[in-house]
Amino acid sequence: MRVEQPKIIFIPETESWTAVDSCDWVLPYLNATRYNGSQNLKDYQVLVYIKTKDVEQIRYHTHKVQFYLTQDPIWRYMDEKLKTIDLLVDGFIVHTPGMWRGMRLRYPQTDCHIVPDGINLNFPRVYKRHVDKSVTFGWFGTSVKFAAPEVQNLISIMLSELGDFDLRVIADKTVPLGCIKNFTHIPWTPEFYNDLLNCDVVLNPLDSDGLRSRNKHFIAWNMGLPVIETIDDIPKFLKYEDRVKEAVQRKEYVKRHDIYYSAQRWLEIIQCHM
């Protein structure tokens, strides 16, 4: 007997551009919709919240199947709200085993599921053409994440190892960094990848607990940009030919992480809760 697919709507935190992007990538495979304020939520059977802080909205729809997705350890600043959400939703969704362990430890009342990171292979529709020149380093994300210890520690080590270097930071707000002379802040826009193309490699150190998603890794790799996680990675990409080799290898690697596979996992989880 054919099971009719439920109507699904994703409700992202509007201030999080990464939440909006990753949400939009998976929608076509789920025949789902992104909430823009105009839809009537009573028309949907499955609601997926992404980093939302609106507990009352979740409480109002407890008669529906509801999931709460977070890519980051948001318990660091909204633990009390998450304790309430834990009692209201059908499941938490995370991208990494580290996040799964963290959520299960703190919010044990609700199922927690892992949906692996994925990338829309058609995003962005630009690709880096590497040239033989000195390296321009890039970073992109929110100003809050730029201040994270793992990012600041890597930059400090780079200063001691390399001396001054060219760093371009694409972020929503200015991120003062006077210790680097060749430092440029570029305001984030939905077309941020055009600015990222002016960089040769991307800095994206992961936290030591393995909590954070590798979403930004996939975006950079899909653009042909090598990613630096630790200071040990820097010598690998200082030479032009090494950057080209890495770009080719990673382009093949990301094909195995098409967002399609993430969508299939979403469908499995939703069906389990219907």
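A residue is called exposed when its relative accessible area is over 50%, and buried when that area is under 20%. Keep those two words in mind as you tour this predicted model.

**Stop 1: helix α6.** Select residues 149-162, the 14 residues of α6. From first C-alpha to last, the helix reaches 19 Å, close to the expected 20 Å. Now show the side chains of E150, V151, L154, I155 and M158, which are buried. These residues lie on the same side of α6, because they cover an arc of only 130° around the axis. Why can residues apart in the sequence point the same way? An α-helix has 3.6 residues a turn, so residues three or four places apart point the same way.

Next, turn to the face of α6 directed away from the buried side: P149 and S160 are exposed there. Then click on G163, which follows α6 and has a positive phi, near 75°.

**Stop 2: helix α10.** Select residues 259-273. The 15 residues of α10 should span 21 Å, and the end C-alpha atoms are 22 Å apart, which agrees. Which residues of α10 are buried? They are I259, S262, A263, W266, I269, I270 and H273. With an arc of only 120° around the axis, these residues sit on the same side of α10. On the other side, look for the exposed Y261 and C272.

Methods: Residues numbered from 1 in each chain as written. Predicted model: local features only at pLDDT ≥ 70, side-chain atom pairs only at ≥ 80, totals over all residues. Heavy atoms only, no water. Helix = DSSP H or I, 4+ residues; strand = E, 2+ residues; numbered from the N terminus. Expected span 1.5 Å × (residues − 1). Buried < 20%, exposed > 50% of the residue type's maximum accessible area, 1.4 Å probe, protein only. Arc of directions from axis to C-beta.
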